[in-house]
Amino acid sequence: MAKFTTPTRARAIRNEFGIDKDDVLSGNVATLTNEIKGQEYLIRAMPHIIKVFPTARLLLIGDGPSESYFVEIIKSLNFRERVILTGFRKDIPELVNILDLYVHPSLTEGLSIAVIEAMFLKKPVIATRVDGLPEVVVENQTGYLVPSKDAESIAKAVIDLLGNREKMRQMGEAGFKRAEAKFTPDVIVKELEALYRGLSCKIHPKSQ
């Protein structure tokens, strides 16, 4: 995975989507399936966020069956300039790399590769407290965990982080270290091997 975006490429991405250098960017990577990924609640958090940070913008990276539904919500909020739907992209790491923070509002989720990749890119993460996400995001260390289906809680967490750049930097660094320690392929394979050995010992205990 690409871990860095050149300044020239970052400028090109910002120009492509009309993102000003002073805009603060939150973002999410997922198939646009609201009943699973919950992007609606992130969109509905934006009015609260913009009251505090008028230059805040949201980048939703991906496509999917809920796209037209999200377009209607964005229109109803009159936020067409504030919320960007990128559609399908092949340059996802480069897009994530220009974000200030990463938000994952899923209603259900296993071990999220998107969240782990954001952590490898040193992004503080706000995620919902569902399924496997608390195994990845450590509350108050690598980011914040919020209730699902709760736009106001998402907004509060985003506002808190955008208001404290040093905390964002520290969480990004902590997330990177956690991702390196826990979620590289080698580490995962070793943990699976240890799990299988433990299960094997329970199923086939040594004779006494």
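Before judging a helix's length, I noted that its expected span is 1.5 Å times one less than its number of residues. I also kept in mind that this is a predicted model.

**Entry 1: the length of α8.** I looked up residues 151-162, which form helix α8 with 12 residues. From first C-alpha to last, α8 reaches 16 Å, close to the 16 Å expected.

Entry 2: Which residues of α8 are buried? I found Ala 151, Ile 154, Ala 155, Ala 157, Val 158, Leu 161 and Leu 162. They cover an arc of only 165° around the axis, so they sit on the same side of α8. On the face turned away from that buried side, I found the exposed residues Glu 152 and Lys 156. Then I checked what covers the buried residues of α8, and the cover includes β1, α3, β4, β5, β6 and α9.

**Entry 3: the start of α8.** Here I saw a side-chain oxygen of Asp 150 that reaches to within 3.3 Å of the backbone nitrogen of Glu 152.

**Entry 4: α8 against α9.** I read a packing angle of about 100°, with the axes 6 Å apart. That makes α8 roughly perpendicular to α9. Asp 160, Leu 161 and Leu 162 of α8 make the contact with Arg 165, Lys 167, Met 168 and Met 171 of α9.

**Entry 5: Thr 142.** I found Thr 142 in the loop between α7 and β6. Is Thr 142 buried or exposed? Its relative accessibility is 2%, so Thr 142 counts as buried. The side chain of Thr 142 reaches the backbone nitrogen of Val 138 at 2.9 Å.

Technical notes:
Residues numbered from 1 in each chain as written. Predicted model: local features only at pLDDT ≥ 70, side-chain atom pairs only at ≥ 80, totals over all residues. Heavy atoms only, no water. Helix = DSSP H or I, 4+ residues; strand = E, 2+ residues; numbered from the N terminus. Buried < 20%, exposed > 50% of the residue type's maximum accessible area, 1.4 Å probe, protein only. Arc of directions from axis to C-beta. Contact = heavy atoms within 4.5 Å. Polar contact = N/O pair within 3.5 Å; in protein donor to acceptor, adjacent residues only side chain to side chain. Axes fitted to C-alpha atoms, helices over the stretch in contact; angles between N-to-C directions. Parallel < 35°, antiparallel > 145°, perpendicular 65-115°, else oblique.
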